[in-house]
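User: Got a model open and a few minutes. Can you walk me through it?
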Amino acid sequence: MAPVTTNRACSGLVRRQDPDDPVLGSLVADLSADPDFARLWEEHRVAEKTFGVKLLRHPELGDLDFAYETLALPGEPDLLVVMYTADPASPTGRVLARLWQAHRGDLDKPEVPVTAAG
């Protein structure tokens, strides 16, 4: 993910928090050392992003693409549940299946073909 995209996501997320929180103020001051973040912070753009695709770059496994969805908990507006999923037949799904095999100690067994749920 590009730094500007990451900064945009961070600035929107941080802005949703309590603006009078001294810890938040300190965090914003630290992040504002980056000119891109400072510019985005000044733009005051806030948009909830409750679903999408997240790219995670793992140092050993490479790029992993996850679909995500964010759900608010009833009666607890400040608590969110974020679910990350990967289609079992996707490259990320296959990597996760191999990790599960490794965890179980089944790496010496042939891979079981994985198909998308349908």
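User: What share of residues counts as buried?
Analyst: Of the 118 residues, 16% count as buried. Buried means under 20% relative accessible area, exposed is over 50%, and partly exposed lies in between (1.4 Å probe, protein chains only).

User: What pLDDT does the protein average?
Analyst: The average is 78, and 72% of the residues score at least 70. pLDDT is the predictor's confidence in each residue, from 0 to 100.

User: Where does pLDDT stay under 50?
Analyst: Over residues 1–7. The model has eleven contacts beyond four places in sequence for that stretch. Contact means heavy atoms within 4.5 Å. Where pLDDT is low, the predicted coordinates should not be read in detail.

User: And across the protein, what share of contacts joins residues at least 24 apart?
Analyst: 36%, among contacts between residues at least 6 apart in sequence.

User: OK, the fold. What pattern does the protein follow along the sequence?
Analyst: α-α-α-β-β-β-α. That comes to four helices and three strands. Helices (H or I, at least four residues) and strands (E, at least two) are DSSP runs, numbered from the N terminus.

User: What order do the strands of the sheet have?
Analyst: β1-β2-β3, in an open sheet with antiparallel pairing. Two strands pair if DSSP finds at least two bridges between them.

User: Which strands stand at the edges?
Analyst: β1 (51–58) and β3 (76–85). Each has a single partner strand, so one side of each is left without a neighbour in the sheet. Neighbouring strands are turned by 35° against each other on average, direction ignored. For such angles, axes are lines fitted to C-alpha atoms, for helices over the stretch in contact, and angles run from 0 to 180 degrees between N-to-C directions.

User: How many bridges hold β1 and β2?
Analyst: Eight, between β1 and strand β2 (residues 62–73). L56 stands opposite L64 in β2. A hairpin through three residues joins β1 to β2.

User: And how many join β2 to β3?
Analyst: Seven, with the two strands running antiparallel. T70 has V82 in β3 as its bridge partner. This hairpin has two residues between its strands, and G75 in the turn has a positive phi of about 80°.

User: Switching to aromatics. How many aromatic pairs does the structure hold?
Analyst: Three. Rings of Phe, Tyr and Trp (its six-membered ring) pair if their centres lie within 6.5 Å; planes under 30 degrees apart count as stacked, over 60 as edge-to-face and the rest as tilted. One of them is F37 with W41, which is stacked: 6.0 Å centre to centre, 15° between the planes. They are four residues apart in helix α3, so about one helical turn separates them.

User: Are F37 and W41 buried or exposed?
Analyst: Both are buried. W41 has 15% relative accessibility. It sits in helix α3 (residues 35–43). W41 and V28 are 8.5 Å apart, C-alpha to C-alpha, and 13 residues apart in sequence.

User: What about Y68 and Y84: how do they pair?
Analyst: Tilted, at 6.0 Å centre to centre with 40° between the planes. The pair links distant parts of the chain: Y68 is in strand β2 and Y84 in strand β3, 16 residues apart. Y68 also stands opposite Y84 in the sheet.

User: Buried or partly exposed, those two?
Analyst: Y68 is buried at 13% relative accessibility. Y84 is partly exposed at 43%.

User: Which residues form the aromatic cluster?
Analyst: F66, Y68 and Y84 form one cluster.

Technical notes
Residues numbered from 1 in each chain as written. Predicted model: local features only at pLDDT ≥ 70, side-chain atom pairs only at ≥ 80, totals over all residues. Heavy atoms only, no water.
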